[in-house]
Amino acid sequence: QVQLVESGGGLVQPGGSLRLSCAASGSIFSINAMGWYRQAPGKQRELVANITSGGSTNYSDSVKGRFTISRDNAKNTVYLQMNSLKPEDTAVYYCNAEIATMLLLEYEYWGQGTQVTVSS
């Protein structure tokens, strides 16, 4: 059994910062890509950023220059540092990971989501 547990969401004023964390635990052999998605009310879930096991990153155009994704492979944890937050960043943020279990079967896992609200 594998779990992704997110933390760090909350309410922040425009221009503020938040840091999201997502820790993977359970029967893990290896983790390939990890990433963050978000879903605003009435909209489809969209990719925010992802990072490979080697550290290569990819960002959506809407967050480039403001958000930074990183990971600690020793802790099976991915982070999302969000700066210069805008009201349009308000959404539920979901952690995602491609994980090979101890049976060497690879699956895509999702966290439960954490709310980020940017408002004055």
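I call a residue buried under 20% relative accessible area, exposed over 50%, and partly exposed in between (1.4 Å probe, protein chains only).

**Ground rules.** I am working from a predicted model, where local features need pLDDT of at least 70 and side-chain atom pairs count only at pLDDT 80 or more, while totals for chains, interfaces and linings use all residues. I number residues from 1 along each chain as its sequence is written, and side-chain values use heavy atoms, with hydrogens and water left out.

**M102.** I looked up M102 and found 52% relative accessibility, so M102 counts as exposed. M102 sits in the loop between β9 (91-101) and β10 (106-110); strands here are DSSP runs (E, at least two residues), numbered from the N terminus.

**Disulfide.** I searched the whole structure and found one disulfide, meaning a pair of cysteine sulfur atoms within 2.5 Å. C22 and C95 are the partners, with S to S at 2.1 Å. C22 belongs to strand β3 (residues 18-26) and C95 to strand β9, so the pair ties together parts that are 73 residues apart in sequence. Both C22 and C95 are buried. The S-S torsion of C22 and C95 is about -80°, so this disulfide is left-handed.

I count two strands as paired if DSSP finds at least two bridges between them. Strands β4 (residues 28-39) and β5 (residues 46-51) run antiparallel, joined by five bridges, and Y37 stands opposite L47 in β5. Six residues lie between β4 and β5 in their hairpin, and G42 in the turn has a positive phi of about 80°. Next, β5 is joined by three bridges to antiparallel β6 (residues 57-59), with I51 opposite T57 in β6. That hairpin of β5 and β6 has five residues between the strands, and G55 in its turn has a positive phi of about 100°.

Key:
Helix = DSSP H or I, 4+ residues; strand = E, 2+ residues; numbered from the N terminus.
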